[in-house]
Amino acid sequence: MKFAEHLQQEIFPPWKLSYISYDVLKNDLKSRQLDHTWNQQDEQEFVRKLDNELEKVYDFVTAKLGEVEARISYCERTIQTFINNPSWSSDQNWTIMEDALTEVLFDVNDLAKFTRLNYIGFQKILKKHDKYTGLDLQHEYIPKLRAKPLDKQRFDVAIVFISALLDLCKQRGKRPKSATSPFNENNVQRLNDDDTTAKYWVHPDNITEVKSIIMLHLPVFIQNSDKRYEPSDAAVSNIYLDNQEFGLYTSVLQRDEGAEAIRFKWYGPTSNKTVFAERSTHKAHWLDGASVKDRIELVADDVHRFMTGTLSAQEYTSRLRAKGVDPKLVDQAYFIANGIQTSIRDKQLEPVCRVFYHRTVFQMPEDPRVRIKIDNDVAFVREDNFMRARRRGPQDWRRQDVGIDYPFSYLHESEILRFPYAVLEANVEPGNSTPEWLRKLLDSHLVHEVPRFSKYLHGASYLFRDRLPLLPWWLSEMEIDIRKPRASNFGLSRSKSFKPLVDGQYRRAMEAEQLRMDLVNENNKEAKKALLDRNKSINDWDNRPHRMQSTLVVKGDDPLNYGPLKEKRVKKPDGPLGEAIVFSNGDIRLDMGDGSGGKRLFESSGMYVKDPNDPNAVIPVKKVKVEPKVFFSNERTFIAWLQFCALLLSVALNLLNFGDQVSRIAGALFIGISAGIAIYALYQFERRAWMINRRIVGRYDDLWGPAVLCVLLVAALIVNFYLRFR
C-alpha cells in the first residue's frame, strides 16, 4: 500500500488538520518537476514548506503532551482529595476517575500513533524528494528532525503515572506495596529460567498500544517507589563478556549443557555506582540440569578489580559478613562470585558487546506469578578491545564515551546496531495458567513470536559476523514485515463517537463480566463481597445512554443438554444482602428469604436472558445457530421492499410525465413515499444483519413498517381523489 493511502486510513479524525500535509508536499514536488528543471528557488521553497509542516506537527505533539500532563495532574490531585476525605471516597467517584484515566490513556496511545505516523511521513517525503531531484536533503535534514524528535517514544513517563493512578483507583486509595523483585535485597537469590519465558517482537507502531493493554491488567513495576519516576529510570545497560573465539556465544547459541552468559548490568545513568555481575547458566550441573540466573552486587569502582581478580571472592564475601548479611546468602554470594571469576580467568573473557534498552516492567505487587517486560530503544554497541590498545584503569572495563543518550548518533555506524523492534518477554511461573487476556495478547496481531531470542546473540551476530561460525535462526525474520492485519476486535479502538473501546467493548462492560466470572468460579470471599458491593455502580453504568444493552447467548452447547438448574449457595456476606445463589448456567441471584427465588444480579450468558418487561425475571431461550440462509432471508426481504418501491416509482413517473396538474401532485406524493420506504428498508436490513451477526435475541419482524406504508398509500389516494373530485 502506498503511504498516502496508509496515512488516510490511519488518520484520527479529530486531529486530521494537524497531520503532515503529505499529499500537498508530494504534489508540489511533482508539479515543479513537470513544469521545469528543479532549481535553487524550488529547493528553498520546498524546504520552507517542510519546515512549516515539522513545526506544525511538533507544536501539536508538544501541546497535546502538555494537555495530557495537566489531566494526569488533575486526576492525581482529585484522587488525593478522595484519600484525604473519606466522605468523598465512594465507588461512584472512584469509577469516574478510572474512566477519566482510561480516556487519558487512549489519548496517549493515539498521540503515539500520530507521532510515529508523521515521522514516517517526513522520512517518505524526504526520500521521494531525493529520488526526484537527485539531491541529498534526507541527510541534511536529519539535524532538524533530531532537534524536534518525532521518532522517540516520549510517552513512557505518562504511561507510568497513569498506571500508578489506575492502580490506586482499583485499590480504592490504598497505597500498593512495592512489587516483589525476582532477586531479593541482597541480590544473590537464584531465579529458575528453564524456558518459561516467551519472547516476542513488537513493531514501533504497536508499542504504546501493547503497553496500554497490559497496563489495564498489571501495574507498572517501579524499581524505587520513594522517588518520582524519571525517563532515565527506565535505562538499562549490559556489558557482555566473551573471548576472541566467541566460545560463550557459540555454546549459548547451540544450547550446550552448562552454557553460560556473563554480563555486568546497571540501571539508569552511567554515573550509577551500583553494578550487578550476572551469570545465566543453561542446565547447570549443580542444580540437576535446571537453568538458573545468579547475580551479585558490586560498586562500579570495584568492577575492574573484580574482573582481574584483585578483588577476590573471599574478600568480597568478607565485606558482606561485615555488613551483617545472612550467612546463607554470604555462602551463595561466594559461590556466584567465585564461579564468575573462574570463568573470566579460565576462558579469558573480556568486554565484547554493550546492550542498551529502555525497560518497562508490569507486575502485580507482591505477586510475581505473571511478569511482563518490554524493552524498546534497543541498541548494540561494540565494547571489544581485540583490535585496540588494552585499556587500563578502574573505569576502563566499559567505554566512557557511551552513556544512555539513545540513539547514540555520535557513534560510527560500524560500532552500533539499532534494533528496529521492541522486545516483549512474558514470564508465567511454572504451575500457573496463562491469564486469558495475556493469551489473547500473545495470539494477536500486535506481537510477533521469536522463540529463544537473545539480545546478546543478535548484537554479536551483526557486530562480529565475520568472526562467527554460526548465526541465529531469527536473522531471516528481519527481512519480513512483522506487522499483521487485525484479525479480530482485540486491542484498543474508538467508537463512532470516539469513546474508548477495549476489544470492541466499553471498559465497564468488560469489568462487569469479569466480576461475574469471579463470583462463579472463585472461592475468594473478598472477591465475592467486592462484586456484591459494586453491583449498584455497574448497573448504573449499564443504564447510561451510550451503553448498549445486549442479550447475547454464547455460552455452552445445546441448551437442551443443560438439564435442570443446580444451585450453589455462597456464604451470606456482611450487610443487608441475602445469600448469593450461583446456578449451573452462570445465573446469579440473591436469596432475599421471601420465597421469590432470589433477586437477579447479572444477566446470564447461558440459556437465560433478562426479561425486558421485568428486570427481576428471566426468559429461557435457545442458542441461535446462524446459517447462511438466515442472511439470505434478510436480503430477500430487503429486495422485496425495493421491488415495491420500484413499482411505486414507475407509477409516480408516469403521473408526473403524462398527467395534468392533479396527476403531478399525486406523482410527487408517490415519489416521496417511495424514497422514504427505500431508506427505511435499508435501515431495517442493516439492523437485522447487525443483530444476526451478534446472535442477539430480539424481534426480527417489522411491527410498524407495513402499517405506516398502508397509511401513507391510503392518504396519497385520498388526496388524489379529493383533488380530482374538485
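In the predicted model, the hairpin of strand 4 and strand 5 has 6 residues between the strands, and Gly-268 in this hairpin takes a positive phi near 80°. Helices (H or I, at least four residues) and strands (E, at least two) are DSSP runs, numbered from the N terminus. Strands 4 and 5 run antiparallel and are joined by 6 bridges, where two strands pair if DSSP finds at least two bridges between them. Within this pairing, Lys-265 has Phe-276 of strand 5 as its bridge partner. Strand 4 also pairs with strand 3 (residues 235–242), in the antiparallel sense and over 5 bridges. Here Asn-238 stands opposite Lys-265 of strand 4. Strand 4 is largely enclosed by the rest of the structure, because 7 of its 8 residues are buried; buried denotes under 20% relative accessible area, exposed over 50%, and partly exposed the range in between (1.4 Å probe, protein chains only).

Residues are numbered from 1 along each chain as its sequence is written. As the model is predicted, local features need pLDDT of at least 70 and side-chain atom pairs count only at pLDDT 80 or more, while totals for chains, interfaces and linings use all residues; side-chain values use heavy atoms, with hydrogens and water left out.

A further hairpin is formed by strand 5 and strand 6, with 5 residues between the strands, and Asp-288 takes a positive phi near 55° there. Strand 5 (residues 274–284) and strand 6 (residues 290–299) pair in the antiparallel sense over 9 bridges, and Glu-278 has Arg-295 of strand 6 as its bridge partner. His-282 is located in strand 5 and is buried, given its relative accessible area of 12%. The side chain of His-282 makes a polar contact with the side chain of Ser-291 at 3.3 Å. A polar contact is a pair of N or O atoms within 3.5 Å; within protein, one atom must be able to donate a hydrogen and the other to accept it, and residues adjacent in sequence count only if both atoms are side-chain atoms.

His-36 is placed between helix 2 (22–35) and helix 3 (40–84), and a relative accessible area of 29% makes His-36 partly exposed. Its side chain is in polar contact with the side chain of Asp-42, at 2.6 Å.

Backbone geometry was examined at several loop positions. Arg-255, in the loop between helix 9 (247–254) and strand 4 (260–267), has a phi near 55°, a positive value in a residue other than glycine. Arg-255 counts as partly exposed, at 28% relative accessibility. The loop between strand 8 (367–382) and strand 9 (416–418) contains Pro-407, which is joined to Tyr-406 by a cis peptide bond with omega of about 15°. Phe-408 lies in the loop between strand 8 and strand 9 and has a positive phi of about 55° although it is not a glycine. With 0% relative accessibility, Phe-408 counts as buried.

Ala-333 belongs to helix 12 (residues 327–346) and counts as buried, at 0% relative accessibility.

For the feature "transmembrane region", the unreviewed UniProt entry lists residues 638–658, 665–683 and 703–723. UniProt positions are given in the numbering used here, feature names are shortened, and annotations may be inferred rather than shown by experiment. In the model, residues 638–658 are 100% helix and 0% strand, with end C-alpha atoms 30 Å apart. Residues 703–723 are 90% helix and 0% strand, and the end C-alpha atoms of this span lie 32 Å apart.

A nonpolar surface patch is formed by Leu-703, Trp-704, Val-708 and Leu-712, which together have about 430 Å² of accessible area. Patches consist of residues with over 30% relative accessible area and no salt bridge, with like charges joined within 9 Å and nonpolar side chains (Val, Leu, Ile, Met, Phe, Trp, Tyr) within 5 Å; a salt bridge is a side-chain nitrogen of Lys or Arg within 4 Å of a carboxyl oxygen of Asp or Glu. Accessible areas come from the Shrake-Rupley method with a 1.4 Å probe, and for residues only the protein chains shown count as cover. Trp-704 is found in the loop between helix 19 (661–693) and helix 20 (705–725) and counts as exposed, at 63% relative accessibility.
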